[in-house]
Amino acid sequence: MAVRRLGLIMHGVTGRMGYNQHLVRSICAIRDQGGVLLAGGDRVMPDPILVGRNGEKLESIAGRHGITRWTTDLAAALASPEDKLFFDAGSTKMRAELLDRAIDAGKHVYCEKPVADSFDSALSVARRAARAGVKGGVVQDKLYLPGLRKLRMLRDAGFFGRILSVRGEFGYWVFEGDWQPAQRPSWNYRKADGGGIILDMLCHWRYVLDDLFDGVKALTCRGATHITERADERGRAYAADAEDAAYATFELASGAVAHINSSWCVRVRRDDLVVFQVDGTLGSAVAGLTRCYTQHRVNTPRPVWNPDVPQTIDFFGTWDEVPDNQVYENGFKVQWEEFIRHIEENGPWRADLREGAKGVQLAELGYQSSRERRWLEVPPLDAALLSEAAE
């Protein structure tokens, strides 16, 4: 058994997601466990080089985690034959250009969503990778949440019967930055910088709906900018012109209806920061990030509408929790391991750049629906992409 080195260029690790989830909880954790185990018994050990604009931050992060390589020269990093994988978790506005440069340098690419700030750009990146013969992937972390993995188990077991509807509530109150520091970077709320919750979250809901339930056939979406002025990281007021809430309804290919509210302007009174309720003919389930509760047809209470008397049914008490019968590892780390196996031994992989483009497609249609205030069909993507890729 041998240990294979995987040279990895990591861009965007000075940001919250890039540092916490991708560097510390994924790549460092993989290195600490001795690498990624392959089918034949070999192990793959990631050897990252950290890339960004702030050398002091990069040097500090590298030293903190025992990483020997960092640079502010992206061109030199891409030119090095020692590294064959490029990862980006930087700002959305820069992503398509960075991926294009990496693909042109012959690197495999893996990135946070969205893969671009427009559908055309996302398609262009996918086509470029197809022509270059490099492998590409996009992060789909929500599918690895314990709560959603339990939903998948229930679906596969036939628990729901015919699924009728999916209802999702996502979000929390993001402080405006004046009285208390905001939990999210200020660029999230500026259109010019690629901000907006429609682009940020509809990419997630596309793969969640497609993978767990059925393909998205049509949608209607209403975006809103509820908080129009915020304070940035230095306390300076700025105009928040990107939408901070989105209310979207999706028609699925099965005929089921999904409605998902996404908001950074909502105070939480539910089980978790994201909650999905799935209702079917045989049973229902409610899942958050980690926990999942079910109610079967035979255990469903019989409420009767009577506004003249207090409610006597404890509705929360009529649900049963799905137990944790297995250990759920960090989803970002698990997906990193899957992508590394995809690169090294052609392991199974579904979250390619084409799937990433589907997320941007849905977001762009969401913006169009919000402007025009109407339902829109979601055209199939495969035929258009493949014909262009073959040119």
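Strand E15 (residues 283–287) and strand E16 (residues 292–296) run antiparallel and are joined by five bridges, with Gln295 of E16 as the bridge partner of Ser284. Helices (H or I, at least four residues) and strands (E, at least two) are DSSP runs numbered from the N terminus, and two strands pair if DSSP finds at least two bridges between them. The model is predicted, so that local features need pLDDT of at least 70 and side-chain atom pairs count only at pLDDT 80 or more, whereas totals for chains, interfaces and linings use all residues. Residues are numbered from 1 along each chain as its sequence is written, and side-chain values use heavy atoms, with hydrogens and water left out.

E15 and E16 belong to an open sheet of nine strands with mixed pairing, in the order E17-E16-E15-E14-E8-E13-E12-E9-E18. Its edges are strand E17 (320–321) and strand E18 (376–377), each of which pairs on one side only. Helix H6 (residues 146–156) packs on this sheet, touching strand E14 (274–280), E15 and E16, and its direction makes about 30° with that of E16; contact here means heavy atoms within 4.5 Å. Axes are lines fitted to C-alpha atoms, for helices over the stretch in contact, and angles run from 0 to 180 degrees between N-to-C directions.

Further along the order, E8 pairs with E14 in the antiparallel sense over seven bridges, and Phe170 stands opposite Val274 in E14. With E13, E8 pairs in the parallel sense over seven bridges, and here Gly171 stands opposite Ser263 in E13. Helix H7 (residues 197–212) lies across strand E8 (163–171), strand E9 (216–224), strand E12 (245–252), strand E13 (257–263) and E14, running at about 150° to E13.

Another packing involves two helices: the axes of helix H4 (residues 92–104) and helix H5 (residues 119–132) come within 10 Å and cross at roughly 10°. That crossing makes H4 roughly parallel to H5, a label given to angles under 35 degrees, while those over 145 count as roughly antiparallel, 65 to 115 as roughly perpendicular and the rest as oblique. Ala96, Leu99, Asp100, Ile103 and Asp104 of H4 meet Ser121, Val125, Arg128, Ala129 and Ala132 of H5.

A cavity is a set of points, on a 1 Å grid over the protein atoms alone, where a 1.4 Å probe fits but cannot get out, and a pocket is an open set with protein on both sides within 12 Å along at least five of seven lines; lining residues have an atom within 4 Å of a point. Grid points are joined across faces, edges and corners, and a volume is the space filled by probe spheres set on the points.

The count comes to one cavity of 30 Å³ or more, and about 80 Å³ of space lies in the largest cavity. Its lining includes Lys113, Pro114, Cys203, Arg206, Glu355 and Gly359, and H7 and helix H9 (353–372) each supply at least two residues. The peptide bond from Lys113 to Pro114 is cis, with omega near -10°, and Pro114 lies in the loop between strand E6 (108–111) and H5.

The second largest pocket has a volume of about 610 Å³ and is lined by 20 residues, of which Asp271, Gln277, Val286, Phe316 and Trp319 lie nearest its centre. E8, E13, E14 and E16 are the elements that give two or more residues to this lining, and E8 gives the most, with three residues.
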